[in-house]
Amino acid sequence: MKALILVGGFGTRLRPLTLSFPKPLVDFANKPMILHQIEALKEVGVTEVVLAINYRPEVMINFLKDFEDKLGITITCSQETEPLGTAGPLALARDKLADGSGEPFFVLNSDVISEYPFAELIKFHKCHGGEATIMVTKVDEPSKYGVVVMEEATGRVERFVEKPKIFVGNKINAGIYLLNPSVLDRIELRPTSIEKEVFPQIAADQKLYAMVLPGFWMDVGQPRDYITGLRLYLDSLRKKTADRLATGAHVIGNVLVHESAKIGEGCLIGPDVAIGPGCVVDDGVRLSRCTVMRGVRIKKHACISNSIIGWHSTVGQWARIENMTILGEDVHVCDEVYSNGGVVLPHKEIKSSILKPEIVM
């Protein structure tokens, strides 16, 4: 089987992290976002992954070459010269996806984190005999999204309603699809939307089905959702493979610590924290609801909450970082500095406090 991952463009919503790496290579729970998807695809027998990309393909391919060998999976790029939306990239990669076998292929949005129940999706797709299956997830506030209206018994999609004013359902497109090769015949090579143009057409022909995604789902393409997604992911780890989470007197709730990280005495860590490879956390540090990426140093008695600390940054002694502060790569926060929602571009030194949310260039 094959899969196409819609990588897209610049990842502006996740800046300043995406100024250093393309968004799919930004760490999430101690490994690049896209690797969570590729590993799950490999588990259900996918042998080739095509990345639809229009920004820095060489960085992606060089990085993923290592994983090709480790996972035994082929990873190739389909490069757009102009943004093609969410359907155009399928037409562009047609030769890679339609190999004459008639097997369905996966399409994924690269921002989506979930438990990836691909085996159940394949089974459901083969049972209903339609042309395409989309995964849907239930949300509390459907009026903010495009809602998928479906037959509960069969899963057949009847129609899509964009940001409904009155309640028509609470299921939205989760950005995970399994499509027959015949879907490619419906897509022209031009900028086009799979959600607004292709799927309604298949639904009108009564060949589109939806499966409700079990477990958690999050689009982690922006910082607040990234932090929420980390909480949901760690909750899921607790249920499935709790032995991967840290334990000890200094740990509260779900905490993921890379084996190469060093943590000092008298720290209090958690809940919902990921500490990456090679990090050094000095004595008396307090961490909660945050991600600390590879190679970060956090000095004594610093306190970090609801924030993302980018690669190889330093947080000084008694510093306080909170309220969706995001430090880009190689940012150095001096001792006793306070950051309230600062968004700091890479390679900066912060000597004075950031008292209200702002971008530090």
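## Salt bridges

A salt bridge is a side-chain nitrogen of Lys or Arg within 4 Å of a carboxyl oxygen of Asp or Glu. Asp185 and Arg94 form one, with N and O 2.7 Å apart. Asp185 sits in the loop between strand 11 (171–179) and helix 6 (194–204), and Arg94 in helix 4 (residues 94–97), so the pair ties together parts 91 residues apart in sequence. Helices (H or I, at least four residues) and strands (E, at least two) are DSSP runs, numbered from the N terminus.

Asp185 is exposed, at 58% relative accessibility, and Arg94 is partly exposed, at 34%. Buried means under 20% relative accessible area, exposed over 50%, and partly exposed in between (1.4 Å probe, protein chains only). Glu48 and Lys2 form another salt bridge, at 3.5 Å between the closest N and O atoms. Glu48 is buried at 16%, and Lys2 is buried at 15%.

## Basis of the model

This is a predicted model, in which local features need pLDDT of at least 70 and side-chain atom pairs count only at pLDDT 80 or more, while totals for chains, interfaces and linings use all residues. Residues are numbered from 1 along each chain as its sequence is written, and side-chain values use heavy atoms, with hydrogens and water left out.

## Nonpolar core

A nonpolar core is a set of buried Ala, Val, Leu, Ile, Met, Phe, Trp, Tyr and Cys residues joined through side-chain atoms within 4.5 Å. The largest has 64 residues, and Ile38 is among those with the most contacts inside it. Beyond its neighbours within four places in sequence, Ile38 is in contact (heavy atoms within 4.5 Å) with residues including Ile5, Val49 and Leu64.
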